[in-house]
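Please find below a note on the model under review.

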Amino acid sequence: MTRGFTGLRCLLNEGNGDILDKEVLKNTSLDKELMGDDTYLRLRRITDEILTEAMRDNAELATLIDNAVDQVLERANLSDKLKRMFRKCMLNTITTTLVQKKDDSAFLFTGDIPAMWLRDSGGQLRVFLNLDDPSGKLYDVIGAVIRQQFRYILLDPYTNAFNFAGNGNCWSAIDKSERQNPWSWERKYELDSLCFPVELAYFYWKQTGRVDLFDGDFLAAVKELIRVFRVEQHHEEQSEYFFIRDNGIEQDSLPNDGRGIKVGYTGMIWSAFRPSDDACEYGYLLPANMFAVVILGYLEEIMTAFYPEETDLLGTITDVKKEVQAGIVEFGIVEHPKYGKIYAYEVDGLGNSNIMDDTGVPSLLSLPYIKYCDTDDAIYQNTRRFSLSKDNRYYFEGTAAKGLGSPHTPPEYVWHMGLAIQGLTSTDEEECQELLRLFETTDAGTDLTHEGFLADDPTIYTREWFSWSNSIFCEFVLKEIGKLKL
């Protein structure tokens, strides 16, 4: 039964619906401690400024999604707690992070940081393509966000997170790179950041049948994306990119004068940073290159359907895809003494490899989710067993939960995103039921998910407002009730 708007507003106010009220966010996580009060309050101030620029509030969209959730949850075999979490997490993105701008474009910030990540914005919206939208209003907004993503790529393909406007806001004023851009919140080049917009555009086309995205701006952005892929296949010889943030935090900056540790040619594409925004140890990040293979396949299909005259570009896309895949096979598979053939997390093309897994998507655990391989692929299954074991130094077990964590958060912190990806890639119903139970018991009473939480005490956590994590939890729920389309 659909609730009226008054009831919906009350539901939103239970969480981040009143995000401008600082009392809602007081003392709920480690964020202020980790960021420092000055940074924390600066981010909140910028968020307030962005929200005042919204063309209109998103009440109509929220009502639409609330009604769609009613249909999705009808006869779903879930606890009342999980149903409540699903509804609140689905509404969170639309009601707290989406800004419909006055020029009919859209801005989707990540949550507690007032910037639009190419990666996060794709992940935040993917779940909504599983909903029917007879009005077309939800699809309109998703399309507007995708067009904004490709505008950003044209502005600077090496920027991972962008400002609401060209106002010079940034995470750190001390950052050094070869290019300055007032639209850049942070210029950490991440290969996966260029993949997520293509994935979302492709799924948007396939799920909605809409083709209006595929215009001249989209084509120009694809050409820029492929140019960067080509350059970064030869990072040592051709790339001018460097990044230095001299703040004493090792993972925030690249060694070797910002150029990263030396690499050899592999055919793969070099990346400076991981999906966690932490610096790569070795420049060839395997999950990101696997994602690149997938989206290059999507681009082959898009080019053939909408840009048949672009034969040279199509040929280059096909060549890069083949070269990257060959590099993965030659350099990315290692023999583990316990698990057999598994994928390395990173390699340098000079004989060194980093054997680990990190929660941030794309991860090795997420390979079927990003559609690189099937869940029953032998090397993936070996890698999965490694990833979800204590042999992976970023897998943690505590009295309240066990799961994949990250070097991005303190030791012994399990990530909700990792639990969701574990469920989305599992074919074991008992495992999935246990994961659903963990979501019920580790939300710290918020009915929302977070970044990392202490495996012994889920009331201690990071990121009180992390929209992508909420969305990927909802994808897992959709899978479990048989409503996941993607």
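1. Basis. The model is predicted; local features need pLDDT of at least 70 and side-chain atom pairs count only at pLDDT 80 or more, whereas totals for chains, interfaces and linings use all residues. Residues are numbered from 1 along each chain as its sequence is written, and side-chain values use heavy atoms, with hydrogens and water left out.

2. Nonpolar core. The largest nonpolar core holds 154 residues. Such a core is a set of buried Ala, Val, Leu, Ile, Met, Phe, Trp, Tyr and Cys residues joined through side-chain atoms within 4.5 Å; buried means under 20% relative accessible area, exposed over 50% and partly exposed in between, with a 1.4 Å probe and protein chains only. The residues with the most contacts inside this core are Phe-128, Tyr-189, Phe-218, Phe-229, Leu-299 and Tyr-372. Its largest share, 13 residues, comes from helix H12 (residues 286–306). Helices (H or I, at least four residues) and strands (E, at least two) are DSSP runs, numbered from the N terminus.

3. Phe-218. Beyond its neighbours within four places in sequence, Phe-218 is in contact (heavy atoms within 4.5 Å) with residues including Phe-150, Leu-299 and Tyr-307. Phe-218 also belongs to an aromatic cluster whose members include Phe-150, Trp-205, Phe-214 and Tyr-307.

4. Aromatic pairs. The whole structure contains 28 aromatic pairs. Rings of Phe, Tyr and Trp (its six-membered ring) pair if their centres lie within 6.5 Å; planes under 30 degrees apart count as stacked, over 60 as edge-to-face and the rest as tilted. The rings of Phe-196 and Trp-468 are edge-to-face because their centres are 5.7 Å apart and their planes stand at 85°. Phe-196 lies in helix H8 (residues 191–208) and Trp-468 in helix H17 (residues 467–480), so the pair ties together parts 272 residues apart in sequence. Phe-196 is buried, at 3% relative accessible area, and Trp-468 is buried, at 3%.

5. Trp-205. The rings of Trp-205 and Phe-214 also form an edge-to-face pair, with centres 5.8 Å apart and planes at 80°. Trp-205 is buried at 14% relative accessible area, and Phe-214 at 11%. Lys-206 lies over the face of Trp-205, at 4.1 Å from the ring centre. The criterion for a charge over a ring is NZ of Lys or CZ of Arg within 6 Å of the ring centre and within 35 degrees of the ring normal.

6. Helix H6. All nine residues of helix H6 (residues 118–126) are buried. One of them, Arg-126, lies over the face of Tyr-369, at 3.9 Å from the ring centre.

7. Sheets. Strands S3, S4 and S6 form an open antiparallel sheet in the order S3-S4-S6; two strands pair if DSSP finds at least two bridges between them. S3 (116–117) and S6 (184–186) stand at the edges with a single partner strand each, so one side of each lacks a neighbour in the sheet. Elsewhere, four bridges join the antiparallel strands S9 (residues 333–336) and S10 (residues 340–343), and a hairpin connects S9 to S10 through three residues.

8. Loop residues. Tyr-394, in the loop between helix H14 (378–387) and strand S13 (395–397), counts as buried at 18% relative accessibility. Ser-426, in the loop between helices H15 (416–424) and H16 (429–441), counts as buried at 6%. The side chain of Ser-426 reaches the backbone nitrogen of Asp-428 at 3.0 Å.

Definitions and conventions
Polar contact = N/O pair within 3.5 Å; in protein donor to acceptor, adjacent residues only side chain to side chain.
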